[in-house]
Every structure is written in structure tokens, then in C-alpha cells.
Amino acid sequence: MEDNKFLPNDFEFVGDKRDITIDEVIPTTSAWKDALKRFCKNKGAVVAVILILIIALFAIFAPMFSEWDYAEINTSLKNIAPNGEHLFGTDSYGRDLWTRLWFGTRISLFVAVAAIIIDVVIGVTYGLISGYFGGKVDSVMQRIQEIINSIPTLVVLIILLMFMKPSLGTIIIALAFTEWIGMSRITRAQVLKVKEEEYVLASRTLGAKDFFIIFKEILPNIYSQMIIMVMMSIPNAIFYEAYLSFIGLGLPIPEASLGTLINDGYKSFLVYPYIMLIPVAIFSLLMLCFNLFGDGLRDALDPTMKER
Amino acid sequence: MNKSTLKYIGKRLIISAITLFVILVVLFLMVRFLPGSPINNEKLSAAQRAVIEAKYGLDKPLFTQFVIYVKDMLTGNFGVSMNLYKDMPVASLVGNAAKISFLYGLAAVIIGTIIGMALGVFAALHRNSIWDTLATALSVIGVSIPSFVFALLILIFFASYLRILPTAYSSSQPIYSSIMPVAALSTGVIANVSRFTRTEMIEVLDSDYMILAKAKGLDRKTLIFSHALRNALIPVITILGPILVNLMTGTMVVELLCSVPGLGKLLVNSILSSDYNIILACAFLYAAMYIIMMLIIDIAYGIIDPRIRLGKDEG
Amino acid sequence: MADRERILKIRDLNISFKTDNGNVKAIRGVNLDLYKGETIAIVGESGSGKSVTTKAIMGILASNGKIDSGTIDYVWYDEYTGERKERDIVQMSERELQKEIRGRKIAMVFQDPMTSLNPTMTIGRQVMEPMMYHYKKSKQEAYQKALELLELVGITDAEKRMKNYPHQLSGGMRQRIVIAIALSCDPYVLICDEPTTALDVTIQAKILELIQEIQKKKNLSVIYITHDLGVVAKVADYVNVMYAGKIVETGTINEIFYDPRHPYTWGLLSAMPDLDTDDDELYTIPGTPPNLIYEVKGDAFAPRNKFALNIDLRLDPPTYYVPGSKTHKVSSWLMHENAPKVEMPEALRKRLDKMKKEGV
């Protein structure tokens, strides 16, 4: 059928000019680069990161460049609707809401980050000790953790807040106290897993000390899990701070945080809805962005971990 | 139920009991030593203080006080209110409030779980369609944004702007006035459940046993209803725990916002007015409810899902 | 030979899958015949399209897969009237496929028994379900039949096992259950997709024997999908060697094992481990199968073929009958009259001769 189309050299061997033994090489990229690539594919997460950065920048710089003070009361300026001078208007004490909003966002972010740092330190240490040393130490530490864990966060927070006077520090400590358990669980699970790996055994047979093994062999292997956990905890901390401030157990007046701003606005939302709606919007946006960011990070860093 | 199941349940019961006891001790000590409690008021003279202490039984040694408190508690007596509702028995105050909160929570869980499951299954069955995208986007928003924000928005929109729903709880219209708070509480449950159900359902639909079931020649309806749903919906029990936590925090604010005389509102008010007996009872009740619910969820999961053998992964 | 009855005839089947990275042409012009009571095997590397072909026969392609062209003619006799019917499965509606074909006429045994049973349904229900569904059998009838089936597939304590859940059984037991499910509606064709790969070596032979035994008893036609030539040698009457979505060589078991013609078949046979290989190392076929997202130009095997001709890079080879055989067909330019004479590698020759002598 196609005989007429044959070329003269059609039935000669291609020969061994070609190197057929080499498998197709898939370019290897480092794990972090890979994760970054996967992350960037997730549009929602990328947008979320950008928004978080923008909000954070405003939170840091907007109050500095504002001509108004976040706590300065001026009754002649109260309840002004948003205009050119007061971008977001003023509240019932005549405080500039633009300044207050960003200052409050700054506090909320600060509380969240500070709480998470403390909780990472506690959680990782606890998990490392419990997982690494195992045996009796582990089972005692696990029982203690089980007990603490079965007290609802809310009750813990309330107990702590009653012991200590409401203040920035109190809230941070209260949040750190309730959030560390998740971190320590993940650390412990990872330690138990990594402990049995060949390379840890190898370095132990080479005479490495416990301390060395923990820092050189175990910690580097739980980074990605830790980062995921941190990113998941931040919105949680922001939420609890806002929540406590909203029900009146949070920061004392005249401090501002997203929670206190929403609370202030709620008191007069029928008449001046903007006082409440603006902080609610920023708060919701932050929560949404951190959640999307956390989801994206989890999918990127640990593709095997399922969405739960 | 086999031996290891019973052993596991036994172990859980003991841990729960210990936890509750620890919580009780901490709460009790806190009430007795906290600055600002009615007994520690500096304005009181020594004589007045003695009267009050005698009245509340605070003149006895701490340990005896605790024993008395526990004894009373076991007979359903949680003492009396100190500030908020002067000398009213705490048990009835807390009991009435808890009834409302519990009903709200239950309604939110039932409504939320049913709607959430339906949404999740629907999204999974129409995977990658516009409906799926929409449902997924909504559930991300619902998971991220806490219920008190929803409560605020619903309050503004329906109660103040449209004026079609009452803003506050009224005992004369208990159901009608409950629509809004229950709706606000349900949003989070719906979002969590639908997101989880979708993931589970998709996993089930892609599983080997669904391909086998399809190869048996079953129709789509049978496939979904008798093979897929059961496997996708059983694991939803596992997220009822976290949902419960969300609901507890949620009820508190929603009750404040909608003036529902529930446990959350009572707790916040008693904190603000330093009524320690009520705080103690409320906090203890919260913890007890949480612990019991978690226990029930765990055991229920083991009984419903034949794959899970309780007590298998100890330690 | 004359009274062999063809019950499945696949002609020029083309299937593609839509993926994020593009259209994958998974099956490219497959022809396949299956006769009553006989066993054919489809062999090839993973990703060569073996499973896709059989899933197409059952109409259970993944949702992103599409049959672009071709026919799958299936012949059966009506259960009541005994009338001979011939239908093209490709043209059948989803509803017809589901009611007539799947489970009832053609049944399938899957690769991994650990995951192919519904974890929350008792064994009994899973075995009874198809009978009750397709034949409207009463619960008692179905139960009785299920018990018989479980005994047929060699499960002791059948009555007790009916109440068990899959996780309470071992892998071998589960595969027996999967076979029992496949047999429950008395199908004519049984497709076994790597039925023993996931099992212990000791169980593998038993399951194969079981399938053979049942096949004889019920006069079934069986399609084996496997990459294990050992399995093929044990069970098949005919062998189809598949590469990159095409059948490159087909023939009787003797023709494929003792007179292979396609360089890819040579490679497969050389790569087959046996107990008394004299070679120091196991032969492997160099390179990897082509990515079917890209259009294949010429012979898909050419890049890995030591004996590739220039024309292989240009044109897809037609199918040639091996002279003197009515069953042995090869798709390779080497079979063209103008092509240089090529013999299979010496080592393989020796090995096959030895196998022949031993009568494996």
C-alpha cells in the first residue's frame, strides 16, 4: 500500500549512532524549590500571601504616617463618616478609625505571632523530649498532655484570664498555653518516626550525642510539618484574640485590636455601621487569607497530607 | 464488643474522670484565692468578712471546704450566686441556661451536619463543575470566618436592615426568635462538614472498591447510596469533636449578640461581675460536656465503623 | 478449530485521556479476539494500555477517558430465547452497559484485593448483591448461591465468612471473594487484571489454578492482564504483547514463547527471570516507554530498539502474518520483505531452546 513511498535507505539499520541506554532524565530540583513551584501553582494561596503582606505593611506603617493618634480622644470630632481627612471616619470618642484600624491590626498580628512563637518553643521542646527519650518519661508526659488537651480551650482561656489582669501579655500567654499541644503532638510523632530511620541510627553508632542528634538529624526533618502547623495556628490565635476582646475579656481600653474595634463598632452599628463593618472586613480577610495560605503551604510542602 | 474495646473504653473513662477532677480542683482553688472575689474585698471590715465567710462556709479549712463542695455537687448543689443573681441557687441558674445552649448546639449540629453532608456529596458528585467550585469557595469562607462574624452580619442584615427576624431571644416566641442564632451557629458546621465530606466522598468515589462495584453492573443510584455514602459519611464523626469546640466558642458570642439566656451569656456576665460560683459551675459544665461528647464520639465511631478496632493504636 | 466461536472482537480501538498536561493517546488501534472457553493474555509494561483496553470492554473507563473510534463487538445468546445477539459495546448506552454487560456478561477480577472490597459491607452482602440486583433473586436464593460460590472458590467456613468484613480476611481470601463476586452472575467472560500481583508468591499459584479450574467448569473465556510472563506461560492459550497502546505481536503461546518475532517481545522474554539463568545479570530493555501525550511518529518502540530501521522513525509499521501461521501476527518493519534478516539474540535463542526442551 505504501510501497511506493519507501525511501532508499528505509530498510537499513539506524545503527548504534543513538545512545539508547540512557533513560530519560528528569531534572531534579531541591525539595524547597519543588514546594515553591507547587505553591505558586495555587493561585488562591498566592493571592492570600500578597494580601497578608499588604495588610501587614499597612499595619506596620499606616499608624506611623498618620497625623492622628490611635488613642487620642477628641469629642468635637466624634462619629464622623469616612471622608478625605478621616479615611475610615471616627468613632464615638472622636478617634481616627484609619489609624485605630491599622494599629489594631498590628496588635492582633503581634499577639498571634508572639503567641505562636512561644507555643512553638514549648510545643517542640515538649514533643522532642517526650518522643526522643520515650519510655516512662514519654508516657507520663503523654498523660499530662491528654488531660490538658481534654479541657476545652475556652475554659483554659477563661481560667487564665481570670488569674491574670487583662493585658497584651496575658492574652499572649493564654493563647500560647492552649495552642502548644498540637505542635508537640506533631513533633513527637515526627521524632518517633525519624528516630527509627537508618541515618539517625548511623550517626548514633558513630557516637553522636543525644543533643547533636536532636539538632542535626531530627529538627531539620520536621521543619515542613512545623511550618504547616504554625501557619494553621496563626488564624486560630487571631481568632481567639478577637473573640476574647469582643466578649470583653481581652485588651483593656484604650488599646485597640481587631476584636476591641469590632466590639466598639457593635455598640453603635445601627447608627454608624462603618465603625464595625471595616474592622470586620479586615478581620475576615485576614482569617480567610491565613487559611488559604495555610492550605496552600500544606499542599505544597507535604503533598501526601490530606485535606482534613 | 470485645475485650480490648472494653479496656479502651475503661481507660478513656478513667482519664476523663481524672481530668474532670483536676479541672474541678483548679477551678475551686481559683475561686477561693482570686483577687477581687467578694470575700477579698478590702472595703469590708473584719466583722463583716467573718459573717460572709461563715455564710458561705469559708471559715473552715480549705480541704474541708473542697470536700463539702464536692459532696454538695454530687447532690446537685453548686452553691448560690454571689453577685449576679444574689443568693439564687447556681444549679438552677446554670441548668436553665445550659438547657437553651444545649438545644441550640444540638440544632446547629443536626442542621449543619445534614446540610453540610448534602453539600459535600453534591460537590463531590459534580467534581470540577461550577457548582463544585462554588461549594468549595463557600466552604473555605465558612471555615475561615468565625461564627460570631456571621452572627453579626446576619443580625445586621435580617434583623436590623430587613427587619424580618427578631434581634433578641424572647421566651414567648422561642422557636421564631431562635432562627437567627441557630442559623449563625450552623454556618461553621455546614462549612466544616461539607468540606470534609467532599474530600472523603471524592476519595471513596475514586477507590478500587467503587470500581469493583461499578463492574458489578450496579446503577449510579445504588452505587452512591449503598456503596459510597456510608463510607464517605462515617468519618464525618471524627470532625464532630473540633466542630463541638467551635460551637462552644460560637454559642458564647451568638448568645451575647442575640440576648439568648444561655450558658455562654451567663458565663460572660458572671465573669464580668466576678460571680465565682457561677463561673465555677459554668466552666465545669463546659469541660464536662466537652469530655463526655468526645468520649461518645470516639466510642460511636468504633461501633459504627467495622474497620476501627478501638484500643488498637495505644501509646 | 472450525467450531471455535468468537465472542469478543475488538477492531481498531482508539482511546484517549484528557489530562492537565494534554491529551494522552493511551490506546492506538488495538485489535483483539477472544473465543469461547479460551484464555488470552495481554502482556506489557505498566502504562502500555493493558488495563485501559479491558476497562473499555466493561465500559468503566475513568471519567476523563474517551473512546475515539473503533468497535468492540460482543456476541451472546439470549438467556430465554437462545437467540444469537451481536452488539457493539462502544455504541451501547451507559444504561445498557450497566444492565446487560457489566457483571452479567463480563466480570472482572481486580489487582489489589486489599482495596477492592467495600470495607463497610459484609462479605455476604457483597457477593449476594449482583445476583439480587441483576436477577432479582430473593435473599434466600442469593444466600444459598453465595454459599456455593464461596465454597467453589475454596473458602472454608463459608457461612461464618459471609458475616465477616473484608478487613477480617487475608489477602488471598479476599481475592477469592473478589473472584466469587465476579462469578456470581454467571458471566461468559472473566477479565483478570493482574489478579496475583498483590499476593504472596505461595498464594499466587493457588489463585491461578482456581481460576483455571473454574474456567473449565463453567466454560468461561478469560482475559489475563499481566506483566508476568510466568503467569502467561501457565494459563494462556493466546498471547498479545502490548506496547505504547498497540498490540505489537500476537500469537499462540507456543508461537510467542518459541518463535517470537518482535524485538520488544525478545526484550520481554530476555527480561524474564528464571531459576537457572547463566547470565550474570538480568536483561533489561533500555530506555522507558514513550510519553503518549506526544504524537508518536513511526514505530513507538524504535527509540529503544537495537534493530530499528530508518523507516521505523518515519512510519508506523503495518501488521504482518508470520509466514506459515494463521494466528501469529507481528507489527514490525522487520517483517517486510525488503528488511534485512534479523535473528533474535543468541542468548535468548539458547534460553528458549532450553525451555522448549524442558517443556515449560
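Colleague: How do strand β4 (residues 65-77) and β5 of chain C pair?

Modeller: Strand β4 of chain C runs antiparallel to β5(C), and 5 bridges link the two. Strands here are DSSP runs of E with at least two residues, helices are runs of H or I with at least four, and both are numbered from the N terminus. Two strands count as paired if DSSP finds at least two bridges between them.

Colleague: Which residue of β5(C) does C:Tyr74 stand opposite?

Modeller: The residue facing C:Tyr74 in β5(C) is C:Arg87. Please note that this is a predicted model, in which local features need pLDDT of at least 70, side-chain atom pairs count only at pLDDT 80 or more, and totals for chains, interfaces and linings use all residues. Residues are numbered from 1 along each chain as its sequence is written, while chains are lettered from A and ligands numbered from 1 in the order in which they are written.

Colleague: What is the strand order of the open sheet of 4 strands in chain C?

Modeller: The order is β2-β1-β4-β5, with antiparallel pairing. β2 (22-35) and β5 (84-88) of chain C each have a single partner strand, so they stand at the edges with one side lacking a neighbour in the sheet. On average, neighbouring strands of this sheet are turned by 10° against each other, direction ignored. Such angles are taken between axes, lines fitted to C-alpha atoms (for helices over the stretch in contact), and run from 0 to 180 degrees between N-to-C directions.

Colleague: Moving along, is strand β10 of chain C covered or open?

Modeller: Strand β10(C), residues 246-252, is mostly covered, with 6 of its 7 residues buried. A residue is buried if 20 or more other C-beta atoms, placed from the backbone, lie within 10 Å of its own; 12 or fewer make it exposed, and anything in between partly exposed.

Colleague: And which strands pair with β10(C)?

Modeller: Strand β9 (residues 238-243) of chain C pairs with β10(C) in the antiparallel sense over 6 bridges, and C:Val239 has C:Gly251 as its bridge partner. These two strands form a hairpin with 2 residues between them, and C:Ala244 in the turn has a positive phi of about 45°. β10(C) is also joined by 2 bridges to strand β12 (residues 329-331) of chain C, again antiparallel; there, C:Thr250 is partnered by C:Lys329.

Colleague: Where is C:Val127 found?

Modeller: C:Val127 belongs to helix α3 (residues 123-134) of chain C. C:Val127 is buried, as 26 other C-beta atoms lie within 10 Å. Apart from neighbours within four places in sequence, its contacts include C:Leu149, C:Ile177 and C:Ser184. Contact requires C-beta atoms, placed from the backbone, within 7 Å.

Colleague: What is the make-up of chain A?

Modeller: Chain A has 10 helices and 0 strands. Of its 308 residues, 38% are buried. None of the 8 residues of helix α7 (residues 198-205) of chain A is buried, so this helix lies largely in the open. Just after α7(A), A:Gly207 takes a positive phi of about 95°.

Colleague: How many residues of chain A are in contact with chain B?

Modeller: There are 32, in contact with 37 residues of chain B. α10(A) gives the most to that side of chain A, with 8 residues. By class, this side has 24 nonpolar, 5 polar and 3 charged residues. Nonpolar covers Ala, Val, Leu, Ile, Met, Phe, Trp, Tyr, Cys and Pro, charged covers Asp, Glu, Lys and Arg, and the others, Gly among them, are polar.

Key:
Contact = placed C-beta atoms within 7 Å.
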